[in-house]
Amino acid sequence: MNAAIYPGSFDPMTLGHLDIIRRAAKMFDELTVSVLDNKAKNALFSVEERVSILKEATKNLPNVTVDSFNGLLIDYARQKNVRISVRGLRAITDFEYELQTAQTNRMLSCGELDTVFLTTSLEYAYLSSSSVKEIAAFHGDISQCVPDFVAKLVYEKYANR
Ligand code: PNS
């Protein structure tokens, strides 16, 4: 079985993330999109909310499942018996961090966990969850950044703050 994990914060999931998910789902028999449960990060959405958003967005992709994890990615991947992590690369600015993380994961897993990078589609190259939150916080238009149902949830968060 050709399986992969796409780990991330997904706070919230953007159209860029969804593009990577759709493309990775075509490459692997099974893709698990997994939300890092990082208590240290001050997230806008809870892990449960992020999982629920991802589930809704991927409901028509039969080989995609959504999960969450905490701790080290290599431990989670080992538990699930998966040897490939998928990550999106937007620009050269992502590269240094991603290279370091991928190499650390190879070192920590004794070469068991490899990272496959997909270059983000050009139309989403500018997108990030952080900029979505910043735009929404100032009542800007995020309709080109996230699916409509996600935009609604993001605006609701800021309306209730
Ligand atoms: O969406 P993000 O925030 O860029 O995702 C980063 C993520 C979750 C992939 C990365 O931080 C991660 O895998 N964290 C788990 C902890 C870990 O395994 N760290 C070791 C590698 S340095």
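**View 1. The largest pocket of this predicted model has a volume of about 1,100 Å³.** A pocket is an open set of points, on a 1 Å grid over the protein atoms alone, where a 1.4 Å probe fits and protein lies on both sides within 12 Å along at least five of seven lines; lining residues have an atom within 4 Å of a point. Volume is the space filled by probe spheres set on the points, which are joined across faces, edges and corners. Among the 40 lining residues, Gly 8, Ser 9, Arg 87, Tyr 97 and Glu 98 are the closest to the centre of the pocket. At least two lining residues come from each of strand E1 (3-8), helix H1 (15-27), strand E4 (84-89), helix H4 (92-108) and helix H5 (129-137), and H4 supplies the largest share, 8 residues. Helices (H or I, at least four residues) and strands (E, at least two) are DSSP runs, numbered from the N terminus. The lining comprises 14 nonpolar, 18 polar and 8 charged residues; Ala, Val, Leu, Ile, Met, Phe, Trp, Tyr, Cys and Pro count as nonpolar, Asp, Glu, Lys and Arg as charged, and the others, Gly among them, as polar.

The model is predicted: local features need pLDDT of at least 70 and side-chain atom pairs pLDDT 80 or more, whereas totals for chains, interfaces and linings use all residues. Residues are numbered from 1 along each chain as its sequence is written, and side-chain values use heavy atoms, with hydrogens and water left out.

**View 2. The second largest pocket holds about 190 Å³ of space.** Its lining includes Met 1, Asn 2, Glu 30, Thr 65 and Lys 80. E1 and strand E2 (30-36) each contribute at least two lining residues. By class, 5 residues of this lining are nonpolar, 4 polar and 3 charged.

**View 3. Buried residues of helix H2 (residues 47-57) are Val 47, Arg 50, Val 51, Ile 53, Leu 54 and Ala 57.** These residues line one face of H2, because they fall within an arc of 160° seen down its axis; the arc is that of the directions from the helix axis to the C-beta atoms. Buried means under 20% relative accessible area, exposed over 50%, and partly exposed in between (1.4 Å probe, protein chains only). Their cover includes H1, E2, strand E3 (64-69) and helix H6 (148-159).

**View 4. His 17 lies in helix H1.** With a relative accessible area of 17%, His 17 is buried. Not counting residues up to four places away in sequence, His 17 touches Tyr 6, Phe 10, Pro 12 and Ser 129, where contact means heavy atoms within 4.5 Å.
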